[in-house]
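I opened this notebook to record what I looked up in one structure, entry by entry. The sequence and coordinates come before the notes.

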Amino acid sequence: MDLLSLLHNNLSPAKKLESAILQNNVALLEASLQAGVNVDCRVQVQGGNTALHLASRQGYRHCVAKLLEYHADPDKKNDFNITSITVAFQQKNAKCLWLLLEKSRGWMNLDSFWLEDDIAEILWNTTNDSTDILISLLIKATPDFSRTRSNLKQNLFYRCKDNHFTNSLKIWRTTEDMDNDSFVTSQKSGFDQNDDWQKEFVEWLNEYNKTPKSLVHYARLVIRKSFYGKCNVCYGASQLPIPTSLKQEVMMTWD
């Protein structure tokens, strides 16, 4: 037995979880979980973080996945009233965030999430590609984005438009019904045709709007909207007794 293993064995159960995660050691983490340690115990007294909080903060998605496999609660809050989902978002780790949303009963939609101060700071004040990915992911996870409060939609639209968040705008449009119910399409006249990016997006929008949609497209929209007020799309789709390919279609992970 090496020195690190010996030291690890002498730790308390909670500290064993913390040590395994800080090492990003999935095998060591699973060994601790198999020994019967409470997966949702506080591994850090200061702040009250669970193992899932810590793994999400570190961005160790394999540790996150293993903890979720052992039924760690992504909705459990630390002493600062923060969940692992918020932590993953703050760290701009889309892969961890998606894993957490698939197991979250509490996270419903972007409408409530954006009211958190730390979340709003990232949503409104960062302008890089990772923000575009995060926003598009949250739109995917929101069951019926058309029912999002109007001021959020308006603000978020201009945020995406002004910062060239192409992915977010395209995902947003593909979660909507046809033209008469499309918020994104209703804003088309506000795009500047002298701006190359805006002109290119309007061309994509026009092409998308005139392209006939498949039966799968409409089925996806119906299923997504059925989760409204019950759960987020990631969690809802993961619970459906349907083939994986159809779950991916509902969650929009085909791209």
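**Ground rules.** I am working with a predicted model, in which local features need pLDDT of at least 70 and side-chain atom pairs count only at pLDDT 80 or more, while totals for chains, interfaces and linings use all residues. I number residues from 1 along each chain as its sequence is written, and side-chain values use heavy atoms, with hydrogens and water left out.

**Whole chain.** I looked up the secondary structure and found 17 helices and two strands in the protein chain, where helices (H or I, at least four residues) and strands (E, at least two) are DSSP runs numbered from the N terminus. The C-alpha trace spans about 65 × 40 × 30 Å along its principal axes. Of the 255 residues, 48% count as buried, a term I use for under 20% relative accessible area, with exposed meaning over 50% and partly exposed in between (1.4 Å probe, protein chains only). I noted an accessible surface of about 12600 Å², 50% of which belongs to carbon and sulfur atoms; the areas come from the Shrake-Rupley method with a 1.4 Å probe. Taking contact as heavy atoms within 4.5 Å, I found that 67% of the contacts between residues at least 6 apart in sequence join residues at least 24 apart.

**α2 and α4.** How do the axes of α2 and α4 cross? The axes of helix α2 (residues 13-22) and helix α4 (residues 51-58) come within 10 Å and cross at roughly 15°, the axes being lines fitted to C-alpha atoms over the stretch in contact, with angles from 0 to 180 degrees between N-to-C directions. The two helices are therefore roughly parallel, on a scale where angles under 35 degrees count as roughly parallel, over 145 as roughly antiparallel, 65 to 115 as roughly perpendicular and the rest as oblique. Their crossing is right-handed, which is the clockwise case, whereas left-handed has the near helix turned anticlockwise from the far one by less than a right angle. I listed L17, E18, I21 and L22 in α2 as meeting A51, L54, A55 and Q58 in α4. The residues of this contact divide into six nonpolar, one polar and one charged, with Ala, Val, Leu, Ile, Met, Phe, Trp, Tyr, Cys and Pro counted as nonpolar, Asp, Glu, Lys and Arg as charged, and the others, Gly among them, as polar. The buried residues of α2 are A14, L17, E18, S19, A20 and I21, and just after α2 I noted that N24 takes a positive phi of about 55°.

**α11 and α12.** Helix α11 (residues 150-162) packs with helix α12 (residues 166-174) at an angle of about 135°, their axes 8 Å apart. That makes α11 oblique to α12. The contact is made by K153, L156, F157, C160 and K161 of α11 together with S168, L169 and W172 of α12, and its residues divide into five nonpolar, one polar and two charged.

Is L138 buried or exposed? L138, in helix α10 (residues 129-141), counts as buried because its relative accessibility is 0%. Leaving out residues up to four places away in sequence, L138 touches F89, L97, W107, L110 and F113. I82 sits in the loop between α5 (61-69) and α6 (84-90), and at 16% relative accessibility I82 counts as buried.
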